[in-house]
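The entries below follow the order in which I looked things up.

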Amino acid sequence: MIEKKLEFQLAKVTDIMAFQQVLKHVYGGESPWSTAILWMELSKKKYGRYIKACLDHQLVGFGGIRIECDDAHITNIAVLPEYQSQGIGTSLLNELKEEAKNLSCHSMSLEVRVSNQQAISVYRSFGFEQVGIKEGYYLSAREDAIEMRLKF
């Protein structure tokens, strides 16, 4: 884990441009999420939460959930490349889980690229189980997604 102090804060719509910069770094120059979609996600507090991770007041990552009935669907977990593999993503996942429980959810779900073995391993160690495959889910890469779920 990193030595600097990691802090979590609920995100606001004013964080959207900073989130776009994180996504561009994570995805090699282009964000897979439009500003409009992020605005919709962040402006509907009743249906979801986004949490930002900061080191010494600098944004290093963020994660989001959208509430669908009693399930908290993870929409995003993104950590700047230079801060990956330091436990920040796992810490974000823990924060999102606590938010989901506070919102009376009974499970969390997500999709992950079949090629993203590192993330799949983290999710499995966290207790997520594969519940399905979505063929061709990631259109730009024509890649399948694994559907995973964690029950509380």
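**Entry 1: F128 and the core**

I began with the contacts of F128, leaving aside residues up to four places away in sequence: F128 touches I74, L93, M108, S109, L110, Y123, M148, R149 and L150. I note that the model is a predicted one. I then looked up the largest nonpolar core, which has 41 residues. Within this core, I88 and F128 are the residues that touch the most other members.

**Entry 2: Helices α3 and α4**

I next examined the pair formed by α3, residues 88-102, and α4, residues 117-126. Their axes lie 11 Å apart, and the helices pack at an angle of about 45°. I recorded the crossing of α3 and α4 as right-handed.

Which residues of α3 and α4 meet? From α3 I listed T90, L93, N94 and K97, and from α4 V122, Y123 and F126. By class, the residues of this contact of α3 with α4 are four nonpolar, two polar and one charged.

**Entry 3: Helices α1 and α2**

I repeated the look-up for α1, residues 16-26, and α2, residues 35-43. Here the packing angle is about 125° and the axes are 10 Å apart. The angle makes α1 oblique to α2, and the crossing of α1 and α2 is right-handed.

In this contact, I16, M17, F19, Q20 and L23 of α1 meet T35, L38, W39 and L42 of α2. I counted the residues of the contact of α1 with α2 by class as seven nonpolar, two polar and no charged.

Most residues other than glycine have a negative phi. I therefore looked for exceptions to this rule.

S85 has a positive phi of about 65° although it is not a glycine. I located S85 in the loop between β4, residues 71-79, and α3. Is S85 buried or exposed? Its relative accessibility is 67%, so S85 counts as exposed.

S104 likewise has a positive phi, near 65°, and is a residue other than glycine. I found S104 in the loop between α3 and β5, residues 107-113. With 54% relative accessibility, S104 counts as exposed, because the cut-off for exposed is over 50%.

Note on methods. Residues are numbered from 1 along each chain as its sequence is written. This is a predicted model: local features need pLDDT of at least 70, side-chain atom pairs count only at pLDDT 80 or more; totals for chains, interfaces and linings use all residues. Side-chain values use heavy atoms; hydrogens and water are left out. A nonpolar core is a set of buried Ala, Val, Leu, Ile, Met, Phe, Trp, Tyr and Cys residues joined through side-chain atoms within 4.5 Å. Buried means under 20% relative accessible area, exposed over 50%, partly exposed in between (1.4 Å probe, protein chains only). Contact means heavy atoms within 4.5 Å. Axes are lines fitted to C-alpha atoms, for helices over the stretch in contact, and angles run from 0 to 180 degrees between N-to-C directions. Helices (H or I, at least four residues) and strands (E, at least two) are DSSP runs, numbered from the N terminus. A crossing is left-handed if the near helix is turned anticlockwise from the far one by less than a right angle, and right-handed if clockwise. Ala, Val, Leu, Ile, Met, Phe, Trp, Tyr, Cys and Pro count as nonpolar, Asp, Glu, Lys and Arg as charged, and the others, Gly among them, as polar. Angles under 35 degrees count as roughly parallel, over 145 as roughly antiparallel, 65 to 115 as roughly perpendicular and the rest as oblique.
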